[in-house]
2 protein chains.
Amino acid sequence: MAAVTMYGFWRSLAAHRVRVALHLKGIDFEEIPVDILSGAQHSADYDKINAEHVLPTVMHDGVTLFQSMAILEYLDETFPEPALMPKSAADRAYVRSVALVTVADSHPLVVPRVRKHLGATFGADEAAINAWGRHWNTEGLATFEKLFSRRPPAPFIAGAQPTIADICFGSHVAGSGFFKSPLEQFPLCKALADRLAAHPAFAAAHPLKQPGAPAM
Amino acid sequence: MAAVTMYGFWRSLAAHRVRVALHLKGIDFEEIPVDILSGAQHSADYDKINAEHVLPTVMHDGVTLFQSMAILEYLDETFPEPALMPKSAADRAYVRSVALVTVADSHPLVVPRVRKHLGATFGADEAAINAWGRHWNTEGLATFEKLFSRRPPAPFIAGAQPTIADICFGSHVAGSGFFKSPLEQFPLCKALADRLAAHPAFAAAHPLKQPGAPAM
């Protein structure tokens, strides 16, 4: 049996974050797909393990974990090597802050339940919903670009090794692909995205390389 | 000079979280208001300290901090007593997960820039925007209620002392007031909200007790 079980899905950007961390730490894991595009996250079985009906859920050592950012911190506390957080309080805050630009500001605006509610409430069609997603993803890129101009990645966001910030930024850029955001207009973001894409853990965990994903 | 300076505002639920933590830890702080309802967060001066143009920003010991969740963790690492996080990795994950139900799922949907974009994009009027806010705040309450039924607060979310989870839940409930969400339909949430309201640190930090707030 694998050390960790993750309920995930190719398209879930939050599951993507956890998958990258599992690869970075070399943790043996099994991924069980929950098709969030068809609403499988609302089944009675999944409700028992995830009160919010969102992805991912992770099981480890008898503990059930939800919320990607909390799972990333748990994995780093439980499987310390390689560390995904710096040592100083100031650097740890910086890593968490940069991560939260997407986890707590951009990404929550584009998840399935919000896209669905835009349609139900404002009659938004697919084009309007995609434009909404592109808008917030692009706003996130603009914030990242400004942050990186003030503290350039060297080569990763907090220094020599990838951290939780890089993982979350990587999930944001995967979203840029889904929403066709103009990533090339943000050169510091583009350069970091290319660096992450070349990293084996990020490459292996990419949404479009998971079972069920459309052909690239 | 105060140990900590916070750029905040009475109405900001994210600033509210940090203000509660400062009160809980008895940290001497100064709060500088940035009127997010009139757009003051987009000034050139504020841009220099907050690339995202959001509240709060905290300055401590030469470090500039943003994103409320990252600030809460920083304060807990830097001013350890009383602790706002439990000791075991599993409990720490639970606290972060519960906090993120509002920090990363409900609250991002109702901040000023989103309310404004709903108006600009879908022609949403004030009533529609308030209904949007109430919808997502109520969804958050429903998730909290389910979580609390599975692991009852005793008396706080992770046990005897308030943690980051209680702080973030408290900010959610302050939002329930703003949006007139049916808090009384969620008895476990209501009971915990009443318990927090009676706590001196939560009471002192309440949005409606800050300078500039409308009369209660």
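This is a predicted model: local features need pLDDT of at least 70, side-chain atom pairs count only at pLDDT 80 or more; totals for chains, interfaces and linings use all residues.
I started at Pro56(B), which sits in the loop between α2 (44–49) and β3 (57–60) of chain B. Helices here are DSSP runs of H or I with at least four residues, strands are runs of E with at least two, and both are numbered from the N terminus.

Residues are numbered from 1 along each chain as its sequence is written, while chains are lettered from A and ligands numbered from 1 in the order in which they are written.

**Cis peptides**

I looked up Pro56(B) for its peptide bond: the link from Leu55(B) is cis, with omega about -10 degrees. Glu81(B) and Pro82(B) are also joined by a cis bond, with omega near -15 degrees. I found Pro82(B) in the loop between α3 (68–78) and α4 (89–106) of chain B. For background, most peptide bonds are trans and most residues other than glycine have a negative phi.

**Positive phi**

Next I checked phi. Gln67(B) is not a glycine, yet its phi is positive at about 70 degrees. I placed Gln67(B) in the loop between β4 (63–66) and α3 of chain B. Is Gln67(B) buried or exposed? Gln67(B) counts as buried, because it has 28 C-beta neighbours inside 10 Å. My cut-offs, with C-beta atoms placed from the backbone: 20 or more other C-beta atoms within 10 Å of a residue's own is buried, 12 or fewer is exposed, and in between is partly exposed.

Lys180(B), likewise no glycine, has a positive phi near 55 degrees. Lys180(B) belongs to the loop between α7 (164–179) and α8 (187–197) of chain B. With 12 other C-beta atoms within 10 Å, Lys180(B) is exposed.

**Helix α8(B)**

I went on to α8(B), whose buried residues are Cys189(B), Leu192(B), Ala193(B) and Leu196(B). Seen down the helix axis, the buried residues of α8(B) fall within an arc of 105 degrees, so they line one face. The arc is taken over the directions from the helix axis to the C-beta atoms. Pro187(B) and Asp194(B) are exposed on the other side of α8(B). Among the cover over the buried residues I noted α6 (126–150), α7 and α9 (200–205) of chain B.

**Domains of chain A**

Chain A splits into domain 1 (4–82) and domain 2 (89–200); such bounds come from an automatic or database domain assignment. Their centres, taken over C-alpha atoms, are 19 Å apart. I see 12 residues of domain 1 in contact with 13 of domain 2 in chain A, where contact asks for C-beta atoms, placed from the backbone, within 7 Å. On the domain 1 side, α1 (13–25) and α3 (68–78) of chain A each give two or more residues. Which element gives the most to that side? I get α1(A), with 6 residues.

**The axis**

Last, I laid chain A on chain B: a turn of 180 degrees and a shift of 0.0 Å along the axis give an RMSD of 0.0 Å. That is the relation of a two-fold axis. The superposition is by least squares on C-alpha atoms of residues with pLDDT of at least 70 in both copies. In chain A, Ala104(A) has the C-alpha nearest the axis, 2.0 Å from it. Both copies use the same surface, as 100% of the contact residues of chain A recur in chain B.

How values were computed: Two residues are in contact if their C-beta atoms, placed from the backbone, lie within 7 Å.
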